[in-house]
Every structure is written in C-alpha cells, then in structure tokens.
Amino acid sequence: MPIELHAGLRIGDYTLLEPLHEGGMATLWRVSHAQETFPLLAKLPHVGRGEAVSRVVSFEVERMIMPGLTGPFVPRFVASGETADQPWLVMELILGTTLEPLLAQAPLAAERVAGLGALAALALDDLHRQHVVHLDIKPGNLLLHADAAGDERIVLLDFGLAHHAHLPDLLAEQFDEPMGTAPYMAPEQVLGVRSDPRSDLFALGVTLYYLATGQTPFGAPTSTSGLKRRLYRDPVPPRMVQPAMPRWLQEIILRCLEVDPDNRYPTAAQLAFDLQHPEQVVLSARAERSERGGVIDTTRRWLRGFRLDAEELRARRAQAEPHPPLIVVAIDLKQGDPALDAALLDVTRRLVQTAPGARLACVTVLRTARIGLDSNIDLEGRNRHVKRLLALRHWARPLGLGEHQITFHVLESADVADAIIDYARSNAIDHIVMGARGMTGVRRLLGSVSARVVAEANCTATVVRAARNSPPPVTPRYTTEPTDDPVA
Amino acid sequence: MRSEDTQTPMRIGLLADLHANREAVEACLEALHDAGCTRHVFLGDLVGYGADPAWVVEFVREQVSRGALAVVGNHDAATATGTGGAMHEQADAAIAWTRTQLDRDQLDFLAALPLSVTDEERLYVHANAWAPAEWAYVRNPLAAARSLAATDARLTFCGHVHEPALYHARPGGSGYFAPKPGVPIPLSGARQWLAIPGSCGQPRDHNPAAACAWFDGTTSQLTFLRVPYDHERAAAKIRAAGLPEAFAARLGEGA
C-alpha cells in the first residue's frame, strides 16, 4: 500500500508542508528543504490499485524529460525519487494562475486572446527548440506568471505526455490508443503521431478558440471515432460564434486548426509573430469563412481522412525542415551604396531560399530624438513612417517573395542597435542580417551598430559587406547627421 | 528508484568491442576521463581485427588489477584457446596472428575473463544474458526482450553488436531507441534497460568515430558518446602488420 501523505512527512530530503492541489492524476504539495533558495513543489502521483498503467508510465516520462529542460518557460527540475513505493518529483513552485479560470470569463477581447496566445507560443517555441513536443497543451497547463518587473510570461506545466526527440518514447512503445486531452488533441495525435511540434500549435489554436468564443471547436468526444471526426469535419468558424472577432484572429485560429500539419504555422515562433503583429496578418479565405464545409466538402475529406496515414505523416515530418527560421534583415534606407544593397539582397535571398518555410521581416529604424516625444500621430510623423514602409517594400521587391513570407516594419527608437536587439528578442528571431556601415564620421561618433547587435542579440547575426576590388575611399565628415539616420 | 540524494557520485565508463585498436581506446578513455569517469567496464572483444592486441590487453589487465571490470568476448575466447573456426576466414586469420602477438600471461588473462559480471543492479556481458557463451546477437527488440527476461538485473550492458542501441522492457516485449550522442538519458528506475554502447575499436554504423558510453550511478543517467580518433593511423598499422586490407579500410568507412 502507498504511504499516506501528511504534513511533516519526509520524501528524500524534502518535507511536506501543505497540499496545494488535488488533481485527477496527482497531488501537489508545497515542500521544504534545508538549503532551499526558491519555493518548492512536489508532485506525487496517485499510486496503487485502480490507477491506469498509462498514468504510471506518464509520470515516468515526466521524470525522464523534466531534468533536461531549461529556461524561463518551464518549472526548474530539482529532484525525483521514490519513498515507500510513492514516486515523487520536486520542482520550482512558480506563482501564478493557469488560463483555466479565464474560460469562465470567455469570450475575452481579441487583443487579450492574442496577447496570451503570443506568450504561450513563445513558450512553446522555446520548448520545441529543446526537442520536446508537449502534446497536452490546454488552458490548465498554461501558467500565467508575472515577474518582479511585472512582465508576463507563460510557463508550461505537466510533461506527462510529452515526447523528447532524443529520449526513448515509453508511451509510444507501450500504448496504441491516442493519448491527450480530447477537446485539444491534434488530428495526427489522434492517429498516434507523437513527434510533430505542430500538434502543440493545433492544441493552442483550440485554446485560443475557446478563450475567444467561450466554446470548444470540436466538443469533448469520448470515443476514438469521435476524436477522428476532427480529421474531416470543420469547426464552426469562430466569427460565427463571436461576430465581434476581427478577421485576423479567425485567420490565425483557423490556420492553427488545419487538419494537415503542413498547412499550419511551421513554427510556434511564426505563430507568435502573427499574434504580435495583427496588422501584418495576410487574410486568406479562412478569414472570410462564414460556415462549416458542406456535405460534399465533409464527405470528400472523410474519404481522404481514411487515407491520412500516421506513417506517411511521420515520414513527411522527418524530411521537413526542422525549424524554418524567422529572419530579420535590417535595412539602412539612407546608406545609398548600391554594391552593399546588392550584397545584402544576395545574402538574404540565399538564407530564405535554403530554408523552406522561412519568413523574412524587413526592418528599418526611424530614429526619434527621445522616446515618447516624437509621436507619429502627427501628419508629418505618419508621412515619414509610410514613406519608409514603401521604401522597404521597394527594397525587397527583387527578392520576389510571396506575401505570406515577408513582412515590413518601421521601428521607432532613439537607439538603432537597441531597437533591433529588442525586436529580435521579443519576436524569437533566429537570424539578423545587416549591412556594415562604411567608415563615416557618424560611425566614429556613435560606434558601430552592427558590432553591438552582433555582441548583444540573442540570435545569429550576419554582417554583410559589399564585395570590392579595392578598398572604398574614405571621406571623413565631421558634420553632425540629422537624427533619423537609421541602421548600419 | 531510490532517493537520489543519498548516493555517492559514481561514473562508470563503458567500452565494448575494442578490437585491438589502441588509437580508438586512447581517444575514448580521454573522453570518459573528461566526463568524470573513475571506473571502467570492458564489455569484451579486446582483440581481433586490430594491430595492437598486446597494448590493449596489457592496458585492460592493468585496469582490472586496479578494480575495473572486464568480460570475455568471442574473439578473446578464440584467441585464448587458439580455436578458430567459429568465425569467418579472415577473422580466424586475425586470431592466429593475434596469438603470436600476446605473451603467455596475456593469453592466460583472456582465458580467465568471466562471461558475465553482476555489480549491484548492473549486469555486464558481451553478447546476451540468456546464453552468454553461445554469442547470439541482440539485434532487435525481440532478442532484447529475451535477454531482459533472462536476468533480474535492472540494467544490462553488452556489446557484440557494433551499433549503439538502447532497449527498455515493456509488457510483452521491448522498445528500441537509437541514441543521440552526448544527450544524457535518465534510465527510469521503474523498468529494465539493455544498453549497447557501440564498438570502440570497429564502428559499423557508417560513422568512423569510436563509440563508448558512461553511466552515472547517482542520477541513473546514461550518455552515449562518439569520439573522433586517428583512424588512419590505426589502419596504417593494420596494413603494416600484414592483416587483411578490409580490416584497415572499414575503419575509415565505419562500416
């Protein structure tokens, strides 16, 4: 028989203090340790007769995966063990509440839904880069935490169904039936595919649908055949449930809910990007959809659904680009060096072409004398802004990218390097490309923007120089440039 | 699994199928030393194919005298007894040559190696747990399940198969996993595992880097490693010794 849990009980070097939550699968306790430097939580799964074998294996999976996870979007693993047949796992206790209570307030405003969705997508992107697919994304596993500075982030909870690409998958080896939470499971997960990070984007899409409309798109089926219905039956378009929802949000949600993972966002970072830039979302037929597919559509897909094969989906995933990058090219619209422009275009083209699914954001920085004073609300400011957007589009035209692959952004900042570095960080950018500024007086006065970006950005940075046969003439200029001299 | 806080640190280096390849053994030992290993286990086939049998046997013998563990492989047994015939012709020829390279003490050391060793929850054996002296391979989940069923040990470490592999017991069989080098794998205490580090001295999975692994007894984590080494030098020695060209060529191909 398992031991009875009570305050004061010792498990390993930890002492149970108070129960925090009694769940269906496990009990959570606050615990203490002699040398603790942050609050601790112990997860103690129910054991004994009557507990499903899959739950026992699920806790085993969590104990295997959690020790290898790092970063701000997962609770820190501390220790795990077994005391008198009671397995336990101790981790950092993170303050906050899950998104589950918010469901009672749904429908939420589109901006709030997009904001929460972007935080969740950024957390998922970090997890996916650690080679882990969560496979149980739902409001109850998304913990909203605010740090000391008041910045919000989402922390992902419960790795009991997760798949780690570099660890044995005990669940896949032992169980044939689909595993997940019925309303949120991706179609391929229903078919038994556990290795596709885009399954988490589907589940996040269900979560956003629920938060934005107050309803789940696929109900809560209890049978495998009921689960399979999502392979061929469209959800009701969310704007039909919630007419106030903007088209861009329906576009994003329905793209997450695509049956074929290849038709969803290729990465969580790209989803986060759209959720953070609603004005840049390209509206397709999804945004306009005003009814579910009819009988013919449904029948066609029902037939095709029978051909959708788990093996094929796995094989396709294995061949796919593992993480199509988000690339930023920072453009100095004032530098006026055709050779450098050509070199920058050339490098950018090669980067985008070699990674199928890559997206490019063209960015320029509009220097403002001081943040908050130069508002672009006035006509002159808006003109400057629009002129730069047009110039960016003109710059990128030779790349010949489709509108789904490219976006344009004018950042306003007193500090060019800061603007680029912040932009890369908050959008989970993979790669910054920028031109090297010539040896001008401005550089001597301000220092090199590219050097700072290379040193401080948290992603890859490429500094492009124009190919030359002889060194460029140096023309020292000692006059002070106007303040809106952008990137270099 | 027991509570993991009360154990003293213990990291065990695992080397299988060294096959008289001094360069590969030295490279793996350095990598295992860097990983903090203080004990070593040699999972058989110290000799055969390679040009440095005396150096490898002498090294392992010295390690064993200081507490390392070693089990016998089919090439070691054939060399010790001088009875070939169990393997293909070229391997037999290498066995005959190897016997000329070892002194009496070294041959006696090979002859005295045990078929298997059990150390706490760990079983070390060259080929498999169900009939170690018959040298059947653990090449698939079926064979792994058979081996796991034949022992009470939670962890089995073996060699013989030259490709790295990790199997875990599950109801009705076993699950296979192709390990990724350098990633620590927590071996959950709730089940049995069978790990094959891969061949140190003669890799055959189209990657010429030497294979080995290390196990952390404190955290119950197993890490597979691939270590680049000077396989051209090892191949040149094989050619200089007059051994079959194929033994030299395959080191560069890892096949």
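Two residues are said to be in contact when heavy atoms of theirs lie within 4.5 Å. In this predicted model, that criterion links 23 residues of chain B with 20 residues of chain A, and the area buried between the two chains is about 1700 Å², of which carbon and sulfur atoms give 57%.

One residue of chain B, B:Arg191, can be followed in detail. B:Arg191 sits in the loop that runs between β9 (185–186) and β10 (193–196) of chain B. With a relative accessible area of 9%, B:Arg191 counts as buried, because that term applies under 20%. Setting aside neighbours within four places in sequence, B:Arg191 is in contact with residues of chain A, namely A:Val57, A:Glu60, A:Leu170 and A:Gln174, and also with B:Arg154, B:His168, B:Ala169 and B:Arg170 of chain B.

| Partner | Atoms compared | Distance |
|---|---|---|
| A:Glu60 | closest N and O atoms of its salt bridge with B:Arg191 | 2.6 Å |

Between chain B and chain A as a whole, the count is 2 salt bridges, while 3 residue pairs are in polar contact, both residues being at pLDDT 80 or more. On the side of chain B that touches chain A, β7 (165–170), β8 (173–177) and β9 each supply at least two residues, and β8 of chain B gives the most, with 4 residues. Sorted by class, that side of chain B has 11 nonpolar, 6 polar and 6 charged residues.

Technical notes:
Residues are numbered from 1 along each chain as its sequence is written. Chains are lettered from A and ligands numbered from 1 in the order in which they are written. This is a predicted model: local features need pLDDT of at least 70, side-chain atom pairs count only at pLDDT 80 or more; totals for chains, interfaces and linings use all residues. Side-chain values use heavy atoms; hydrogens and water are left out. Buried means under 20% relative accessible area, exposed over 50%, partly exposed in between (1.4 Å probe, protein chains only). Buried area is the accessible area (1.4 Å probe) that two parts lose on being put together, summed over both. A salt bridge is a side-chain nitrogen of Lys or Arg within 4 Å of a carboxyl oxygen of Asp or Glu. A polar contact is a pair of N or O atoms within 3.5 Å; within protein, one must be able to donate a hydrogen and the other to accept it, and residues adjacent in sequence count only if both atoms are side-chain atoms. Ala, Val, Leu, Ile, Met, Phe, Trp, Tyr, Cys and Pro count as nonpolar, Asp, Glu, Lys and Arg as charged, and the others, Gly among them, as polar.
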